Amino acid sequence: MLFQQQLAQLQKEKSEILKNLALYYFTFVDVMEFKDHVCELLNTIDACQVFFDITVNFDLTRNYLDLVVTYTTLMILLSRIEERKAIIGLYNYAHEMTHGASDREYPRLGQMIVDYENPLKKMMEEFVPHGKSLSDALISLQMVYPRRNLSADQWRNAQLLSLISAPSTMLNPAQSDTMPCEYLSLDAMEKWIVFGFILCHAALNTDPAALSLWKLALQSSSCLCLFRDEVFHIHKAAEDLHLNDIILNTLHSAIKGRTLISGFYVGSMHRERRKFLRSALKELATVLADQPGLLGPKALFVFMALSFARDEIIWLLRHADNIQKKSTDDFIDKHIAELIFYMEELRAHVRKYGPVMQRYYVQYLSGFDAVVLNELVQNLSVCPEDESIIMSSFVNTMTSLSVKQVEDGEVFDFRGMRLDWFRLQAYTSVSKASLGIADHRELGKMMNTIIFHTKMVDSLVEMLVETSDLSIFCFYSRAFEKMFQQCLELPSQSRYSICFPLLCTHFMSCTHELCPEERHHIGDRSLSLCNMFLDEMAKQARNLITDICTEQCTLSDQLLPKHCAKTISQAVNKKSKKQTGKKGEPEREKPGVESMRKNRLLVTNLDKLHTALSELCFSINYVPNMVVWEHTFTPREYLTSHLEIRFTKSIVGMTMYNQATQEIAKPSELLTSVRAYMTVLQSIENYVQIDITRVFNNVLLQQTQHLDSHGEPTITIAFLNGHIAYFPAMKAFVNLPTENELTFNAEEYSDISEMRSLSELLGPYGMKFLSESLMWHISSQVAELKKLVVENMEVLTQMRTSFDKPDHMAALFKRLTSVDSVLKRMTIIGVILSFRSLAQEALRDVLSCHIPFLLSSVEDFKDHIPRETDMKVAMNVYELSSAAGLPCEIDPALVVALSSQKSENISPEEEYKIACLLMVFVAVSLPTLASNVMSQYSPAIEGHCNNIHCLAKAINQIAAALFTIHKGSIEDRLKEFLALASSSLLKIGQETDKTTTRNRESVYLLLDMIVQESPFLTMDLLESCFPYVLLRNAYHAVYKQSVSASA
């Protein structure tokens, strides 16, 4: 019943089953058809009794062995698909229900799946008739494989790959009778031998050479690559196949012995090989970098070196991931990056100096190879017409070559010639050939050499892929990333870390045109890995730079003036012969002690950091860019990006701003730290070709705004706080005494040197933003003042026209409200403007050092504006001047801030009236300041303790800004203000109440300050309103009072 229900369910979903399983089913059908074609071809080869010798007909033999191995691996992979029976069975059932009959391929396909349940056993039976051809081809490897599979000591004794071991022969071309065999992959040969002798195992009993190759292959590797990361465990499979084979019982003990030897010995053997190859490739790359012309005669050495190194890297990658490790050290190579790096260096030399190699081998082919081949052809005893035509075409093709073709940039293509040689090998290798290549080995060896020479002209890129492609890393991502991390952790290897991103450029070479759908997957993996590697390298470099910067900031901090107090104290105490401190108290080290070395072996932490940084920067700077899957990566840009982010965070961090306690670093100390940081960053240009000035511009420019590009607060925001009083004599702000304990001294942050440091840090943009922030506060105060004026408008209007009627003025004054509020708000405005004036002066001082000529031009431009100039033009000049820190008659920032205030339902005439009455309000309110205890003038600070001296700046600047906006006469309105103020102040001279007139003289001085501050008022005008004798007596009184108070 349950079975019927399941069949019913299949009936419903048969179309979906057919659709989803068709790709898998027909892939199995393709495998079956491939198997049929291979079997047919192998039978044809046996019937023709083809001669195979890797040293003679190289291309034919290699392709034959590749065909056998491909067929074998395909059938093994097929047997590893666990759902293969379910897939074809389910598909066929759905096909039957849909079309009423089974798929025509199903019976044969099903039979193949059953037959190849144990693929190697089945194929051993299949290959019995092919045994002779296969064993002949494999035994020809005895001249090649043992010579390739030597120990590192044997390589070292033979001085393999060394160009300088025999200087006299350095220019001689590297020659061999078996040119293509010299760079043939060891991995490929081992697959041929292992799979080949498993299929034709009878040869192991009869031929000692076969047994020798088999044992050597078993000793060299424990597992072979089937496809990408799929592996074949040799010893296990060989034991399983041979254990019950009576014929091969004698071999079983040999296999066991090889297994043990392989486990213990093979790891150390390959480790020593990699060690040798590191030094050999380094020497080869160094010599070729100095003398690239040697790439011509010694090209064979380059491709041999690449092939040897590639074989060892792939062996390590495969075995480290797939075998039971006997010795962990043998399968973890922390120096693998160095070997890969030198491979990449050799590849880069070949790509860069390809024209040099082309030029050499074009002359070689036309001047030597063509002549020798022609002689060989002439000396052939028998040469059929077809073969003769092909040979003649070879000679003619080579003879026609010239160096001019290389110079003209002509594209060479010898693929046709190589294909003709492949055909000729097939013609001459069959048993009934008129011209048998077995009898003319010299011809075969010569043609193999010529084919290598043609590849040096037109197929250098393909040769690089053939000998040094490491795209296998794409399928060992975890091992790949682990190797990269080990490389970064070892300082001596970090200089080679660039090889890992460079390997990502290999990945696309493992794709195939018959499987386009995986291009995107492999391409995305190559991009993500390359991006990750470059990002990690940049992060590591950034961390090292940050550590160096921290050390340098600490050293710079030791030179700050605040640290000299203790040294001075010790010196004074030493002179007065006083005890400097407790016994045993260590003497403070002076700055610079860290640079004193007792010997060269002493290495400080800073030395280690610089060494590690220089190594890593070498890697980042190694290539300007790299192309991975049509995407260009620039390693230096990764470092630049990380440095910008870290520099931004470091600057903000160095302010040490605490929002809760309002603590912050002094601008001068912050500037010292930033300069130390910048000095270190500038030194990076010695290691990496990056534009560090661009980093400074991007970061420091962002710090002049209220938020950076990431939306984070900047140092400009951090420096906008405080509860302070302005002391003109000190040109600084100081703390006002309060009930709460203050966490900082304002004078330490706002004196002229600190303001200059602040200007250095923020620059003109930052100071402009600072001004805009201050103006916002002023505009909010002015808005409140206007409200107070509106409340008292009627009274103020009458007072404006009654200043010559003292009694009436006194009566009107009593009707005014919020007089104290007006004065306090105006004082606040004055304090803000005083701070801005101080900041502008500091900016001017800084710019006069940086751009003296430009600043003088701006100043000259400002000073020579004609009076009749249009106000809009004048305001543009003032804005330019203000940005350069120059004082202006009319503050452009204040004008912009106040003009942005929009009052609803108030006409421009009404706004102008309010502005006029505001000046009246301030003028008539000044006498009330005399009763304030804090209004006393202090000659020492050249100001009043309650900041009312700042009213002078506030009155002048506010009047100038308001009447510029409302297009009134600034001078007339200030004259009106002066008349009202002097009239009001003269009245308190007649007062008898001591409380009311407590600080009368100090308040009188405000009139002098207002005139001195104003570019629109003169002392003559003041004299006409307020007798100068009163001012002189006032100054005398306050100075006298100050002297008596101090006494």
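Modeller: A cavity is a set of grid points where a 1.4 Å probe fits but cannot get out, and its lining residues have an atom within 4 Å of a point. The model here is predicted.

Colleague: Which helix gives the most to the lining of the largest cavity?

Modeller: The largest cavity holds about 60 Å³ of space. Its lining includes L186, D187, H270, D311 and W315. Two elements give two or more residues each, α11 (186–199) and α16. With five residues, the top contributor is α16.

Colleague: Which class, nonpolar, polar or charged, has the most residues in that lining?

Modeller: Among the lining residues are E190, E312 and R318. By class, the count is three nonpolar, three polar and five charged. The class asked for is charged.

Colleague: Which helix supplies the largest share of the lining of the second largest cavity?

Modeller: This cavity has a volume of about 50 Å³. Both α3 (58–79) and α22 (441–458) supply at least two lining residues. The largest share is four residues, and it comes from α22.

Colleague: Is Q957 buried or exposed?

Modeller: Q957 is found in helix α42 (residues 951–965). Beyond four places in sequence, Q957 touches L833, D891 and L894. Buried means under 20% relative accessible area. Q957 has 15%, so Q957 is buried.

How values were computed
Residues numbered from 1 in each chain as written. Predicted model: local features only at pLDDT ≥ 70, side-chain atom pairs only at ≥ 80, totals over all residues. Heavy atoms only, no water. Buried < 20%, exposed > 50% of the residue type's maximum accessible area, 1.4 Å probe, protein only. Contact = heavy atoms within 4.5 Å. 1 Å grid on protein atoms, 1.4 Å probe; cavity = no way out; pocket = protein on both sides within 12 Å on 5 of 7 lines; lining within 4 Å. Points joined across faces, edges and corners; volume = space filled by probe spheres on them. Nonpolar A, V, L, I, M, F, W, Y, C, P; charged D, E, K, R; others polar.
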